[in-house]
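Subject: Handover of a structure

Dear colleague,

Please find the structure below, with the sequence alongside. My notes follow.

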Amino acid sequence: MNRYERLNALLELLAERGRIEVDDVAEELSASAATIRRDLDHLAGQQLLTRTRGGAVAHAVSYDLPLRYKSVRHADEKQRIGARAAALATRGSVVGLNGGTTATEVARALATRPDLHEAGSDTALTVVTNALNIANELAVRPQVKLVVTGGVARPQSYELIGPLGTKILDELTVDVTFLGVDGIDPVLGAAAHHEGEASINRLLAARARKVVVVADSSKIGARAFARICGVEEMNVLVTDVGAAVEDVRRFEERGIEVIRV
């Protein structure tokens, strides 16, 4: 287990239990007590927990893990999903991208697609996003025209949320939106943990001719607090081969194309 995996595991254990002890988690994570103490000190320095004499307690803040720690979860699956989803965008199209680790992999795959780097001065792709980390990666790509929504930055996901973002999206039309989600259900649709993110994501989906949900299999059947859009508003679900056959069938029965990679 590398350091980022340990940090992620520590935060998840703390979110689940409310309090952890160094010796206990050191044994669980097959790490030394000294290593766990350094990790807890690091997380305390970022205001993600409060250190105690023998361990740590949950910090009195929202316990949605920051994006940089979530990135280690199902990393291989997310990269495959990102590459396959990016292939669905055509040269010259307008693409919408929200935040999150899987949507970030879509952005990276789009940025490195060989056909989008062919010689010529024309714009290969226009990307509309509310995610600051995605904007940062795409801003240096000369063949990508980048449009960033306004809004207030949410530190956990790097997404811009709030009414300032809706003003821009109200004026745009998107060919395809790639939508990262916290949960997707064949009856309830797509959802996010935070209502502000869900609101902007809902508009990104509504402004698109085609909606492609990108979600690893752990998100299928999971529920989250705020609804983004219903199943009837989705066109494609790109997920990994870990998705259960029965779940895939239920989505397909609702008219959604399911791609497993």
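Which residue caps the N-terminal end of α1? The residue is N2, with a side-chain oxygen 3.2 Å from the backbone nitrogen of Y4; a polar contact is a pair of N or O atoms within 3.5 Å, and within protein one must be able to donate a hydrogen and the other to accept it, while residues adjacent in sequence count only if both atoms are side-chain atoms.

Please note that this is a predicted model, in which local features need pLDDT of at least 70 and side-chain atom pairs count only at pLDDT 80 or more, whereas totals for chains, interfaces and linings use all residues. Residues are numbered from 1 along each chain as its sequence is written, and side-chain values use heavy atoms, with hydrogens and water left out.

The N-terminal region

Helices (H or I, at least four residues) and strands (E, at least two) are DSSP runs, numbered from the N terminus. Helix α1 covers residues 3-17, and its end C-alpha atoms are 21 Å apart, in agreement with the 21 Å that its 15 residues should span at 1.5 Å a residue; the expected span is 1.5 Å times one less than the number of residues. Among the buried residues of α1 are R6, L7 and N8, where buried means under 20% relative accessible area, exposed over 50%, and partly exposed in between (1.4 Å probe, protein chains only). After α1 comes G18, with a positive phi near 85°.

Helix α3 (residues 33-45) buries T35, I36, D39, L40, L43 and A44. Q47, which follows α3, has a positive phi near 60°.

The sheet

An open sheet is formed by 7 strands in the order β6-β5-β4-β9-β12-β14-β15, with parallel pairing; two strands pair if DSSP finds at least two bridges between them. The edge strands, β6 (144-148) and β15 (257-260), each pair on one side only. Strands β12 (residues 208-214) and β14 (residues 236-239) are joined by 3 bridges in the parallel sense, and V212 has V236 as its bridge partner in β14.

R223 is found in the loop between β12 and β13 (226-229) and is exposed, with a relative accessible area of 64%. Leaving aside residues up to four places away in sequence, R223 touches L188 and H193 (contact means heavy atoms within 4.5 Å). R223 and G183 are 40 residues apart in sequence, yet their C-alpha atoms are 5.0 Å apart in space.

Yours sincerely
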